[in-house]
Amino acid sequence: MGQVSASSSIAVAADPQRVLDAIADYQTVRPRILSSHYRDYKVLEGGTGAGTVAEWTLQATESRIRNVHAVVSVSDSMVTERDKNSSMVNTWTVTPEGAGSQVTLRTTWQGAGGVKGIFEGIFAPLGLKKIQAEVLANLQREIG
């Protein structure tokens, strides 16, 4: 199987830089916006912006659990989390939209092969989009 991806977006009534700063705040903001699918969240290095290293367990389904060791990089409009335990990459992109911002969270990973990979390519993005939408809605509420 090739690359699998899931993507969700939301409009936020805040300046793009303020939104980007909130997304890159792993110490204060991130723990407050994670959904119940996340547990054991902790910051290992840094806490704000590039160079931050954080860990968490993502339980997408009862049997689908991923231990993430994320290393963070930041550019002008993106926060990227690369999982050192897998091929998973989360990319948060913030762009101006009207008086506020558009935030897109995209997760990609190398899918399994064979029949398992076919099912993963169909069903995993659907479940992950629901988790992403919940986290984005929490971000929207957090920023106000």
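**Close-up views of the predicted model**

**View 1. Val79 has its place in strand E5 (residues 78-83).** Strands here are DSSP runs of E with at least two residues, helices are runs of H or I with at least four, and both are numbered from the N terminus. This is a predicted model, in which local features need pLDDT of at least 70 and side-chain atom pairs count only at pLDDT 80 or more, while totals for chains, interfaces and linings use all residues. Residues are numbered from 1 along each chain as its sequence is written, and side-chain values use heavy atoms, with hydrogens and water left out. Is Val79 buried or exposed? Val79 is buried, at 0% relative accessibility (buried means under 20% relative accessible area, exposed over 50%, and partly exposed in between, with a 1.4 Å probe and protein chains only). Leaving out residues up to four places away in sequence, Val79 touches a set of residues that includes Leu20, Ile23, Tyr26, Val72 and Trp92; a contact means heavy atoms within 4.5 Å.

**View 2. Step back and take in the whole chain.** The protein chain has 3 helices and 7 strands, and from the N terminus they come in the order β-α-α-β-β-β-β-β-β-α. Of its 144 residues, 42% are buried. If you take the contacts between residues at least 6 apart in sequence, 50% of them join residues at least 24 apart. The chain exposes about 7400 Å², with carbon and sulfur atoms supplying 51% of that (areas by the Shrake-Rupley method with a 1.4 Å probe; for residues, only the protein chains shown count as cover).

**View 3. The largest nonpolar core holds 34 residues.** Such a core is a set of buried Ala, Val, Leu, Ile, Met, Phe, Trp, Tyr and Cys residues joined through side-chain atoms within 4.5 Å. Which residues have the most contacts inside the core? They are Val19, Ile23, Val79, Trp92, Val103 and Leu139. The elements giving two or more residues to this core include strand E1 (3-12), helix H2 (29-33), strand E4 (65-74) and H3, and H3 gives the most, with 6 residues. Leu139 makes a handy landmark: apart from residues up to four places away in sequence, Leu139 touches Val19, Ala22, Ile23, Ile33, Trp92 and Val103.

**View 4. Helix H1 (residues 16-23) has five names to look for among its buried residues: Pro16, Val19, Leu20, Ala22 and Ile23.** They cover an arc of only 160° around the axis, so they end up on the same side of H1; the arc is that of the directions from the helix axis to the C-beta atoms. At the N-terminal end of H1, Asp15 is the cap, with a side-chain oxygen 3.0 Å from the backbone nitrogen of Gln17. Polar contacts like this pair N or O atoms within 3.5 Å; within protein, one must be able to donate a hydrogen and the other to accept it, and residues adjacent in sequence count only if both atoms are side-chain atoms.

**View 5. Tyr38, Tyr41 and Trp56 make up one aromatic cluster.** Rings of Phe, Tyr and Trp (its six-membered ring) pair if their centres lie within 6.5 Å; planes under 30 degrees apart are stacked, over 60 edge-to-face, and the rest tilted. That rule gives 2 aromatic pairs. Tyr41 and Trp56 are a stacked pair, 6.1 Å centre to centre with 25° between the planes. Tyr41 belongs to strand E2 (residues 38-45) and Trp56 to strand E3 (residues 53-59), so the pair ties together parts 15 residues apart in sequence. Tyr41 is partly exposed, at 21% relative accessible area, while Trp56 is buried at 5%. Also in E2 is Asp40, exposed at 52%; its phi is positive, about 55°, although Asp40 is not a glycine.

**View 6. Gln132, in helix H3 (residues 114-143), is buried with a relative accessible area of 3%.** Its side chain reaches two backbone oxygens: that of Ala6 at 3.1 Å and that of Leu105 at 3.5 Å.

**View 7. Asp83, in strand E5, is buried at 5% relative accessible area.** What does the side chain of Asp83 reach? It reaches the backbone nitrogen of Asn85, at 2.9 Å. Neighbours within four places aside, Asp83 is in contact with Arg66, Asn67, Val68, His69, Ala70 and Met88.
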